[in-house]
Amino acid sequence: MHNSSAPDVRLRIVPLGNTLSLLLAISYLLCVVFGLLAPEQMRMYEAWAPLLPGFEWLTWTGFFIGLVEAYLYGWYIAVLFVPLYRLFSRNGH
């Protein structure tokens, strides 16, 4: 049942892309800081490495590659998610 008083929210790719990209970039930065402060067995860089081609721990190049790729993953998700959301919400289901 559709509630007529509820606002019709239409997702837009640009705000969602920026939001997700910043979320992932901030998460990446927090994981790097955590990795610098935590004991070796608790570091997160080993989880990021397979997901971020070119990422290398404790190199400036690897750090910036990881940051850019984390940001781009947000856009990847938004570009796929918004059209799929619109498709499935088209009929109000």
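Author: Helices are DSSP runs of H or I with at least four residues, strands are runs of E with at least two, and both are numbered from the N terminus. The model is predicted, so local features need pLDDT of at least 70 and side-chain atom pairs count only at pLDDT 80 or more, while totals for chains, interfaces and linings use all residues. Residues are numbered from 1 along each chain as its sequence is written, and side-chain values use heavy atoms, with hydrogens and water left out.

Rings of Phe, Tyr and Trp (its six-membered ring) pair if their centres lie within 6.5 Å, and planes under 30 degrees apart count as stacked, over 60 as edge-to-face and the rest as tilted. The structure holds 7 aromatic pairs. In one of them, the ring centres of Trp-60 and Phe-63 are 6.1 Å apart with the planes at 90°, which means that the pair is edge-to-face. These two residues are 3 residues apart in helix 3 (residues 60-89), so about one helical turn separates Trp-60 from Phe-63.

Trp-60 also forms a stacked pair with Phe-64, at 5.9 Å centre to centre and 20° between the planes; both residues lie in helix 3, 4 residues apart, about one turn of the helix.

Accessibility is described as buried under 20% relative accessible area, exposed over 50% and partly exposed in between (1.4 Å probe, protein chains only). Trp-60 counts as exposed because its relative accessibility is 66%, whereas Phe-63, at 18%, counts as buried, and Phe-64, at 45%, counts as partly exposed.
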